[in-house]
Amino acid sequence: MGDVAKDLTAGTVGGAAQLICGHPFDTIKVKLQSQPVPLPGQLPKFSGAMDAVKQTLAAEGPRGLYKGMGAPLATVAAFNAVLFSVRGQMEALLRSQPGVPLTVNQQVICGAGAGVAVSFLACPTELIKCRLQAQSALAQSGSAGLTVKYGGPMDVARHVLKSEGGARGLFKGLAPTLAREVPGNAAMFGVYELLKQRFAGGPDTSNLGRGSLIVAGGLAGGTFWFSVYPTDVVKSVLQVDDYKNPKYSGSIDAFRKILASEGVKGLYKGFGPAMARSVPANAACFLAYEITRSSLG
């Protein structure tokens, strides 16, 4: 079994573990990000993460926390396969000799390259996911930000292809997606390697236990979101923005308007759920990847 096939397989398993563990947190994050700014004297629809969980469970039941999972579930294999296989191929290019461990800086480069590749898959997938996650909150608030009722992932895709500029519409938000994935994955894989080497006491990390891998993976995932979170907020508001009557003309305009109307706090809406999700979800992802990759030889 070739290295690419091994990375594809292990990345798929890791991605499935990450999705199952982390999707409910992601749903709450997107709902907090996409809720409209309240008028003067009015309270926001959700006062915080726990309030969003309570309202979602009351209105939609536990299934509401997994709304929009169809799109990432359908593509999780491809997404994580691309992420880990591109990273693996870049490792091979940067490695001076077969089997020689890479430095932390080299892993940062590998993560950045993998981030470029996965952005083109993440953008349309997350547009579909965000539309499904955000529509109930926007509809209940009476916002004009999302006027179409979607029946599922394929319904979102059909609507965008038909009414929002064809295939180009599915790549709305590509710029902030790249701005998130490239530095985010560079930081994540760099921190992951750094922590593994610290735990192992040197560059050879092949004998690390599962506990060390869980800690390294969880903290690496937290680093991803801590380093790039405002770009994710910009991406989310662009992707749920109305096509015919857009509130934002682009990424910079969205950034400026969020900052002007809500201050710096507006760029960190949903940060709590994102961080709460990233640690266990990425711990599960990296552990599943490492176990599967090791079992394949």
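These notebook entries record what I looked up in a predicted model.

**Entry 1. Ground rules**

I number residues from 1 along each chain as its sequence is written, and side-chain values use heavy atoms, with hydrogens and water left out. Because the model is predicted, local features need pLDDT of at least 70 and side-chain atom pairs count only at pLDDT 80 or more, while totals for chains, interfaces and linings use all residues.

**Entry 2. The largest pocket**

I began with open space. A pocket, on a 1 Å grid over the protein atoms alone, is an open set of points with protein on both sides within 12 Å along at least five of seven lines, and a lining residue has an atom within 4 Å of a point. Grid points are joined across faces, edges and corners, and a volume is the space filled by probe spheres set on the points. The largest pocket holds about 1,000 Å³ of space. I found 32 residues in its lining, and those closest to the centre are Arg95, Lys196, Thr205, Glu290 and Arg293.

Which elements give two or more residues to the lining of the largest pocket? They are helices H1 (3-34), H3 (70-94), H6 (174-200), H7 (210-239) and H9 (271-295). Helices here are DSSP runs (H or I, at least four residues), strands likewise (E, at least two), numbered from the N terminus. H3 gives the most to this lining, with 6 residues.

I then sorted the lining of the largest pocket by class: 11 residues are nonpolar, 10 polar and 11 charged. In this scheme Ala, Val, Leu, Ile, Met, Phe, Trp, Tyr, Cys and Pro count as nonpolar, Asp, Glu, Lys and Arg as charged, and the others, Gly among them, as polar.

**Entry 3. The enclosed cavity**

A cavity is a set of grid points where a 1.4 Å probe fits but cannot get out. The search of the whole structure finds 1 cavity of 30 Å³ or more. The largest cavity has a volume of about 540 Å³. Its lining comprises 30 residues, with Gln18, Phe79, Glu126, Glu181 and Arg277 closest to the centre. The elements that give two or more residues to this lining are H1, H3, H4 (104-140), H6, H7 and H9. H3 gives the most to the lining of the largest cavity, with 7 residues. By class I noted 13 nonpolar, 9 polar and 8 charged residues in that lining.

For residues 208-295, I noted that the end C-alpha atoms lie 15 Å apart and that the span is 76% helix and 0% strand.

**Entry 4. Cysteines**

How many disulfides does the rule give? The count comes to 0, a disulfide being a pair of cysteine sulfur atoms within 2.5 Å. Cys130 is in no disulfide either, and the nearest cysteine sulfur, that of Cys123, is 9.7 Å away. Cys110 is buried, with a relative accessible area of 0%, and Cys130 is likewise buried, at 0%. Buried means under 20% relative accessible area, exposed over 50%, and partly exposed in between (1.4 Å probe, protein chains only).

**Entry 5. Single residues**

Gln197 lies in helix H6. Is Gln197 buried or exposed? Gln197 counts as buried because its relative accessibility is 18%. Leaving aside neighbours within four places in sequence, Gln197 is in contact with Leu102, Val104, Gly202, Pro203 and Thr205, where contact means heavy atoms within 4.5 Å.

Leu8 lies in helix H1 and is partly exposed, at 33% relative accessible area. Residues up to four places away not counted, Leu8 touches Ala81 and Ser85. Leu8 and Tyr289 are 281 residues apart in sequence, yet their C-alpha atoms are 9.8 Å apart in space.

Gly209 sits in the loop between H6 and H7 and is partly exposed, with a relative accessible area of 36%. I found its C-alpha atom separated by 10.0 Å from that of Leu287, 78 residues apart along the chain.

Pro44 lies in the loop between H1 and H2 (49-60) and counts as partly exposed at 36% relative accessibility. Not counting residues up to four places away in sequence, Pro44 touches Gln35 and Pro38.
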